[in-house]
Every structure is written in C-alpha cells, then in structure tokens.
Amino acid sequence: MSDHNSGPRAVADPVVDITDMYVFPNPGRPGSLVLVLDVFPNAEPAALFSDVVDYRFRVRPVTIPAGAGGAFAVSETEYTISCRFAAPIQSQGSGPLVQDGICTASAGHAAAFRVNDEEGGKAEGLRVFAGRRMDPFFLDGVRIAQTTVTRKLALVSPGDSRQHRQNCLSIVVEVDVATVFDAGAGPLFAVVGETAMAGPIIVRFERFGRPLMKSVVLGSKNFDAVNRDLDIRDLYNQEDAFHLGPAYLGAYRARMNANLSFWDGLDQKTDWPLDADGVHPLTELLLADFMVVDVSKPYVEDSYLEIERALLKGASHETCGGRSPNDDVGDTLLTLLVNAGNGPRISDGVDGQAIPASRAFPYLAPPDPNPPAKIELQLDKAG
Amino acid sequence: MSAGLSGPAAATIDDEILTTAGGLALANLQAQIEGQARRAGAGLLTISERAELIDLVALRGHILGCVADYEWAEERAEELVRVAPADGVAFLARARARATFHRFADALTDLERAQRLGADPAVVGAERAAIFQAVGRYDEALAFFREAADRRVDFASLGALAAFYAECGDVDAAERFFDESRARYRSVTPFPLAMLDFQRAHMWMAQGDLQRARTWLSAAHRRLPGYAPAQGHLAEVEAALGEPDSAIARLRPLTISSDDPDYAAQLARILHEAGRVAEAWMWRDQAAARYDELVTQHLEAFADHAAEFWLEAGGNADRARLLAVRNLEVRQTPRARELLARATRACDRGQATYPARGRDAV
C-alpha cells in the first residue's frame, strides 16, 4: 500500500495509479540517476500503459540553506522525463498485443522502446525500460491499518505483505545527469513522479514524492478534528508538488498534524512536541512531498530519509538518500514517526520482496508468472 | 454525418476529450478483474475491495452485454452480505446488484441497511435516487440529483441530472447538462464517457431524432468499440434509416459475444424486414428461448425487453401484454405505461405487429 489504490480515482483507473517511485544513483556508474515509476497494482499479463497518459518525472535541483529549519530550497529550474505510449497493436496479425513507447527528456533527448523488452531503448544519456515486473514494494499494510483502528502498534514478526510476489507495470529510466540535465546541476535533486493527461491541457491524476504519505500520513480520517469526513487523497494527488495551492493547504496541514501526532504517541512518549500552534515538527518537511537524492554519493541501500533526517538535525547527510527498490521504507518511516530514532527501530516484520531488485538494468525482478494463490494473513497474531 | 442536422461533428466530439483507446481500456479492465479475482480467491481482499471487484465485473457486464457477469456480481454480493453482515459496504454492493436486476424494493431495503451500518450517505443517496428514477418517483429523484449537484458540481452529478431530464423528455435541459457533464470529465478511462454519450443517444432515439441518436451512438462506439449496447443501438438506428446491411453486420458478432437476447431479437426483426425470413426465424427462436430462460430467472429485469420482443420479432401479443403488466408493477414510468398500451392494442387487434411463423416461414 505504498501508494497502491491511493484514492477513489486511482481505484477506478489503475492505469494512472502510481503505486511507487524509486530514485537512486546507478550502482555501477557514478553520475547516473535511476528513476522508477510503478503503476497498475496487481497487474496481470494483459495490463498495458494508457495511450493518452503522460508518465513523467519532474526533477528540480535543491539545496540546503544554512539554518534551513527543516526545509529544502527548491530551484525553479525543472527537468522533465516524459514517457508516452502508443495504442497497442496486434503482432503478426493475430499475435499478442504489443505496445511501443517513447521517453523524452526536456533537453530533447528521446529513446524509443517496446513494452516488456528487457533491453529497453537507448539514446544519448538515456536508457529506458517499460513493462511488467515484480512489484518491489513490501509492507505489512494490514497491520499498519489495524494500528490506526486499535490505536496501538499491531505489528508482528514475521509480518505479511499483501504485495508478496505481486506484479505491476514499471517504467525504469536511467539518466546521465551531466548529459540530460544542465552541466553543474545538482548534486541534490528533488524528484516527483506524475501521471497526467497527455496533451495541451495538463490534468494531473496522481503524483508521488515519498512513499506512504497518502496511506500512512494522510489517509486516516479518524484523528483529524477539522476534516473528518474528507477523503483528502484525490485533492492532494492533483496538486503541484513544488507549489501547493492555497485552497486545501490548511486541510493538508490539519490532517498531517493530527495523524503525525497519533503516530508519535504510539509508544506513550512524545518525541515530536507540537509548537504553540499545534504544528508537528515534520509537517512542513513532509508537505514538501518529493524524493531527495544526492547523485554525488555512491549507491547504498536503506538510505531512505537519511538526507531529511540530517536536515532536521542541522547536520550533513552521508548517503545518496533517495530510495532504492530494496529499501525497507516502512520500517524507516515508522521509526521516524513513532520514536524519531530515539528508540529501537520499529519493524513491520517484512524485510523484503520475495526476489530482491538487482544492481543491473532494469533492476526490478521479472514478473512472477504465477503469483501466490494464497497468502495466510494470521491476524490473530496481532496484539 | 451532417453537423448541422445532427449536432456536433464527430471530430469535435472525439477531439475535445482524450481517453485511453477503447480496446486497451477493455483489456486493462479484464486484467484488473483477473488480478482482483485471483486475490479474492486467495482471501486477500478486504470487504471494500471485494465490493469494488463486484462493481468492476458489473461494469464489464454492461460494456460487453454479458448477463452472466451481472449474475456473478449478484451472487458475490449476496455472499458478501453473508460474510460481512455488519458492513454497510456489503449491503451497498448487494443493493446495486439487486437494482441491476430491477429488484428495486429489495435494493431500497438494502440501502436503508447500508446507511444504518455507516455507508457513505452521499453514495447511498445516489443509489437511492437512481432507483427512484427507475421506478418513476421522479420528484424524489430530482430533489436528490439537484442537491448532489449543489454540493459538488462534477461529471457524475451533472451526468445524473442529464440522464434524469433525458428520461423525462426535457431535451433542452438534458442537452445542457450533457454538455456540462462532458466538459467536466477529468479522467482517461473511456467507460463513463461512452456511457454518458450512450444515454444521450438513447434520449434522441426516444425523441425519434435518429440522426442525433446516430451521432452520439457513433461517438460512444468510436470511443469504446467493444461497447455492445452502443453497437446494438447503432444497428437499430441504421436499420430505421434504411441501412439494413450495415445493421445486420453490426449485430451478428453481438449475437455471439453477448448472452443478452436483445441482439438476436433485433437481428431477427431486421432480417425479416429485409425479406430473409428463414434466417430471421432462426434468430427469433434463439432469442425466444433465451428470453424464456431469463424471464424465469430474472422476471423483473427482463419483463420489459421480453415484452418488446414478443410484440415484435416474437409475434405473440398475449405474452407481450402479460410481461408488460408485470413490468408496470415493477416501475410506474411513462415508458412502462406506453409499453402496456402498445401490447394491449396489439392484443385488441388480435395479432402482433410481426406476423406469425405459419404465414411467413413459407
């Protein structure tokens, strides 16, 4: 449930439903950035990309100003990587449907590819794969949901991930930063993944910055005294991540303050005291919902939120940040929210997908041809 | 197609709203259903997700003209209520399934229960209003549709108002709301838009404006080529406009892909009018057998269509009248009254509009 089915609109049309985004430096090639956008949860073999949707990454350089106080300074310069797909055609008359696509960078580089071709497409500074892969996401989402209902940590070990060996549609883009972005840009970048209407009028369907924001941080309505009856996720999805509109900003803040306080209180101590106005210390940082990566640092796993945590402490970050497919983002986020790293690491009892992502293009494991027929959810184990 | 006579030109209609290619969207719907059905079989879906799966299968049933999908949805909705008797979502799902089969009183009871169990009042209200409209309780339906549109002006709320005025025959109001609803479409799935255009075409068919009906049926068909009701009604319009060959070509694949007898019935009627009597009787018999089956299983849902069939290709006014009476008991709408009046007149004349086999199958 990183972002799977993240709002009524996404449920209605999985082809625009961004389930996840991963951003990490190429493990074998410094200066190269890998961007992954996953859509269509539980994709069966027939699933394909829409021919009228722009699947895109928006990338902006960011800096950390002195005395940042928990906020990045985001440049107005923006680079985009946009993937579009043709309507599928039948191969060899009556064969299976095949779909072609093209990936275009704002600087003009373009790589054509065929969906599900492992080799993908290549152009100067760009390499692209699109197709069905095993969904790298793992989390015991059921027990996290149970936690919000019972108001106490319901996690067990081992936990159960509903995405275990499930598949999705993935777009993997490898970008040579110096070639495709401006020379000297970075090394810190903020990345947002989006699905939007392809065409002259931009209609944004979904956006994705950090995992679990819509489900864990914004989804629950129970703790929000201001907008208890509002499913805020579709509104949030349609916002420009780099410029939130004023209309619902108060609603997002109220929801985040309420939900973040709930998570902080689960260990019966307060690690994130609210300010005099009731604002949670993480609210502004998380409202700036983009993934921050440092391409000057080498690839390392489990670096998710390391840059943000360093920012909050006023210290220098040490890793590439971002998020690799094998990162245990559930544990990292829960630990940050519940004890701010002042206590033991909080674990949901799920530490990886059945087949981890590799360190070679296209990184994500091939699709499971036969996803499990049955997964036992032993909910009685939850306390 | 003449824009002047039949409304906006095809290019204008298609270009103003981009949606995923119809075949691709249908393949993805199928993939979505298969994925969720597999997960449902594995016990991985929540009650809400199971209700969503039921909705997806019912949607496929509507698009492809597949009664078996509706039956599957109804069975699963019954099962959902059994396994989750305290969950409003389950009763909401069953209410929808029952309304599909025109079991309106049962559906209203389920909606009451759903609301008591905490289902979203706006969703419950929309379902209730749709049933009020279907059974001719127009004032109550309109009150809700207006309130919903006041609360939130979007594709769905304006589309509901359009469909309401279309059914009431207020074409000016309906056209205005159809346009406004289309203008507020913010998705790439072609299904809701094709369904809206189909409703618009249906209104023009009822008004006897076959050119305008063709414009919107063609729009729905271009957007979603697999949309069986659009294809079937397009055939009906073409036949009425004197293009039987095109109509027959459209209907033949539907008689194979769909288990709804409407297409075989239409094909029988058009073939007969074209003088291809023996072939017409083959399709007539196939439709008759399937109507008998469906009327036995789902009387309320198929009474009106079966009555239409017996009035026309079926050639049995007495059977038509009996079914029209039953249909009027289920819903007191002008259309149901008109159907009964036509059936009664046919009985009074002592024959159906479509001659009996003995005189024609020579």
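Which residues of helix 5 of chain B are buried? They are B:V67, B:D69, B:Y70, B:E71, B:A73, B:E74, B:A77, B:E78, B:L80 and B:V81. Buried means under 20% relative accessible area, exposed means over 50%, and partly exposed lies in between (1.4 Å probe, protein chains only).

This is a predicted model, in which local features need pLDDT of at least 70 and side-chain atom pairs count only at pLDDT 80 or more, while totals for chains, interfaces and linings use all residues. Residues are numbered from 1 along each chain as its sequence is written, chains are lettered from A and ligands numbered from 1 in the order in which they are written, and side-chain values use heavy atoms, with hydrogens and water left out.

**Helix 5 of chain B**

- Helix 5 covers residues 67–83 of chain B. Helices (H or I, at least four residues) and strands (E, at least two) are DSSP runs, numbered from the N terminus.
- Helix 5 of chain B has 17 residues and reaches 25 Å from its first C-alpha to its last. That is close to the 24 Å expected at 1.5 Å a residue. The expected span is 1.5 Å times one less than the number of residues.
- The cover over its buried residues includes helix 4 (47–64), helix 6 (88–100), helix 17 (277–297) and helix 18 (299–311) of chain B. Contact means heavy atoms within 4.5 Å.

- Helix 6 of chain B has 13 residues, which should span 18 Å at 1.5 Å a residue. Its end C-alpha atoms are 18 Å apart, in agreement.
- Of the 13 residues of helix 6 of chain B, 10 are buried, so the helix is largely enclosed by the rest of the structure.
- Those buried are B:G88, B:A90, B:F91, B:L92, B:A93, B:R94, B:A95, B:A97, B:R98 and B:A99.
- Helix 4, helix 5, helix 7 and helix 8 (121–134) of chain B are among what covers them.
- Helix 6 packs on helix 7 (residues 104–116) of chain B at about 165°, with the axes 8 Å apart. Axes are lines fitted to C-alpha atoms, for helices over the stretch in contact, and angles run from 0 to 180 degrees between N-to-C directions.
- The two helices are therefore roughly antiparallel to each other. Angles under 35 degrees count as roughly parallel, over 145 as roughly antiparallel, 65 to 115 as roughly perpendicular and the rest as oblique.
- Helix 6 of chain B passes helix 7 of chain B in a left-handed crossing. A crossing is left-handed if the near helix is turned anticlockwise from the far one by less than a right angle, and right-handed if clockwise.
- Helix 6 of chain B brings B:G88, B:F91, B:L92, B:R94, B:A95, B:R98 and B:A99 to this contact. Helix 7 of chain B brings B:F104, B:D106, B:A107, B:D110, B:L111, B:R113 and B:A114.
- By class, the contact holds eight nonpolar, one polar and five charged residues. Ala, Val, Leu, Ile, Met, Phe, Trp, Tyr, Cys and Pro count as nonpolar, Asp, Glu, Lys and Arg as charged, and the others, Gly among them, as polar.

**Other helix pairs of chain B**

- Helix 15 (residues 244–257) and helix 16 (residues 262–273) of chain B have axes that come within 9 Å and cross at roughly 150°. That makes helix 15 of chain B roughly antiparallel to helix 16 of chain B.
- The contact of helix 15 with helix 16 of chain B has 10 nonpolar, two polar and one charged residues.
- Helix 3 (residues 22–41) and helix 4 of chain B have axes that come within 10 Å and cross at roughly 145°. Helix 3 of chain B passes helix 4 of chain B in a left-handed crossing.
- The contact of helix 3 with helix 4 of chain B divides into 11 nonpolar, three polar and one charged residues.

**Backbone features of chain A**

- Most residues other than glycine have a negative phi, and most peptide bonds are trans.
- A cis peptide bond joins A:G186 and A:P187, with omega about 10°. A:P187 lies in the loop between helix 3 (177–180) and strand 13 (188–197) of chain A.
- Another cis bond joins A:F361 and A:P362, with omega about 0°. A:P362 sits in the segment after helix 9 (329–339) of chain A.
- A:N42 is not a glycine, yet has a positive phi of about 55°. A:N42 counts as buried, at 6% relative accessibility.
- A:R165 has a positive phi near 60°. A:R165 is partly exposed, with a relative accessible area of 28%.
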